[in-house]
Amino acid sequence: MKLKGFKVDVRKNKIEEVFEEISDEEYQKRLEEAKKREKERRIREMIEAKKQEILERIAIEELKREGKL
Amino acid sequence: MGSYTPNFNLYKPDINETGWGNEVNQNFDTIDEELTANKILEKIKTVDGAGSGLDADTVDGKHASELGGTTGFEKVAEIEVSSNCTYVEFTNLDGNSDWFYVLFTTIKNPTGSGLGYNLFVNGETVETNYYNQWINIDGTSRCSDRENHPWAFFNEAGVKSFYEVIISKDSDGYFRYIGKGNRREGNNVMLTLTAGCKTATISNITSLRIQASVSNAIGAGSKFILFKVRRV
């Protein structure tokens with residue numbers, strides 16, 4: 001697997017297109033890890049959104065019960 | 001017999017004098033020679049300085065070299081990615097001299113999956129040698145976590161974002177960054193804050209690499225511009 005990159009040499013003010021070779025196996029491993037992390041973030045965000053929704057509903061009910069809404 | 005002016009030594013004929021045509025022509029030549037830009041500059045320099053009302057090569061009496069970092073950011077390098085790629089690396093940096101860097105970026109994720117973009121230092125691309133703490137604010141929902149990798153940016157599938165990241169090495173040698181981002185569009189716009197740190201110390205910052213966790217996830221048109229804050 002070739003990873004394409006751009007190298008910017010700040011001293012020479014030169015931009016070069018470069019390729020970094022890694023084994024397919026290594027790339028697959030990285031990819032799986034990245035997918036796992038992305039999924040974990042997505043789940044974390046869904047949980048937090050749900051928590052917020054539940055808290056908001058309870059807060060509204062409480063405020064209504066207290067006659068403030 | 002006439003007299004001569006004190007500065008340019010121009011001849012002033014006496015009121016009753018005749019035959020002074022040659023002297024007048026000499027006066028014109030003298031004036032012509034003295035009114036060149038270089039001669040005028042030399043003359044101004046003889047009166048320039050503090051309190052002169054001119055003091056032309058200083059600001060408040062100080063030369064540029066004396067103003068230090070107060071004159072603003074200095075661009076180190078920039079790149080607009082011409083075709084999809086996996087990473088962009090700034091090399092030949094000298095963090096010990098520059099102290100702090102500021103990176104501005106707009107990144108497009110052209111792939112079909114959500115992914116993170118690592119910020120690696122000095123070619124150290126082992127993700128688990130870094131930690132990052134992030135918080136997303138999405139409408140009224142806030143979400144945060146700490147993870148064992150240096151994702152400085154994150155984009156969902158097909159999403160574009162804008163980030164500003166301040167990068168440095170602290171006084172004990174820990175590589176650190178803190179970033180703020182604006183991602184997604186219209187009524188889905190989201191605020192992201194992120195802070196990262198390396199697990200071991202470094203002696204300098206010599207390179208910075210922004211690397212997508214999926215190949216070719218830095219889309220064509222993505223832009224990166226790196227500044228240093230300190231002028232030396």
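**Entry 1: a strand pair in chain B**

I began with strand β6 (residues 115-121) of chain B, which pairs with strand β13 (residues 208-212) of chain B in the antiparallel sense over 5 bridges. I checked one position in this pair and found Phe120(B) opposite Arg209(B) in β13(B). I note here that the model is predicted.

I then followed Arg209(B) across to the other chain. Its side chain meets that of Glu20(A) in a salt bridge, at 2.8 Å from N to O.

**Entry 2**

Which order do the strands take in the open sheet of 6 strands? I read β2(A)-β1(A)-β4(B)-β13(B)-β6(B)-β9(B), with mixed pairing. The edge strands are β2 of chain A and β9 (151-155) of chain B, and each pairs on one side only. From one strand to the next, the twist averages 20°.

I looked at the place where the chains join. Here β1(A) and strand β4 (residues 87-91) of chain B run parallel, joined by 5 bridges.

α1(A) lies across β1 of chain A together with β6, β9 and β13 of chain B. Its angle to β9(B) is about 75°.

**Entry 2: the contact between the chains**

I looked up the contact as a whole. Chain A gives 26 residues and chain B gives 41 residues. The buried area between the two is about 3000 Å², with 51% coming from carbon and sulfur atoms.

I counted 5 salt bridges between chain A and chain B. I also found 17 residue pairs in polar contact between these chains, with both residues at pLDDT 80 or more.

I then sorted the chain A side by element. β1 (2-9), β2 (14-21) and α1 (24-65) of chain A each give two or more residues to the side that touches chain B. α1(A) gives the most, with 13 residues. By class, I have 11 nonpolar, 2 polar and 13 charged residues on that side of chain A.

I moved on to the open sheet of 8 strands in chain B. Its order is β3-β14-β5-β10-β11-β12-β7-β8, and the pairing is antiparallel. β3 (74-80) and β8 of chain B are the edge strands, each pairing on one side only. The twist averages 10° from one strand to the next.

Strand β5 (residues 100-108) of chain B is joined to strand β14 (residues 223-228) of chain B by 6 bridges, and Phe104(B) stands opposite Ile225(B) in β14(B). Strand β7 (residues 130-138) of chain B pairs with strand β12 (residues 190-201) of chain B over 8 bridges, and Tyr130(B) stands opposite Lys198(B) in β12(B). 7 bridges join β7(B) to strand β8 (residues 141-147) of chain B, where Arg146(B) is the bridge partner of Gln133(B).

What do β7(B) and β8(B) form? They make a hairpin with 2 residues between them. In the turn, Gly139(B) has a positive phi of about 65°.

I came back to the helix of chain A to finish. α1(A) also lies across β7, β8 and β11 (174-183) of chain B, running at about 145° to β8(B).

Methods:
Residues numbered from 1 in each chain as written. Chains lettered and ligands numbered in written order. Predicted model: local features only at pLDDT ≥ 70, side-chain atom pairs only at ≥ 80, totals over all residues. Heavy atoms only, no water. Contact = heavy atoms within 4.5 Å. Buried area = accessible area lost by both parts, 1.4 Å probe. Salt bridge = Lys/Arg side-chain N within 4 Å of Asp/Glu carboxyl O. Polar contact = N/O pair within 3.5 Å; in protein donor to acceptor, adjacent residues only side chain to side chain. Helix = DSSP H or I, 4+ residues; strand = E, 2+ residues; numbered from the N terminus. Nonpolar A, V, L, I, M, F, W, Y, C, P; charged D, E, K, R; others polar. Pairing = 2+ DSSP bridges. Axes fitted to C-alpha atoms, helices over the stretch in contact; angles between N-to-C directions.
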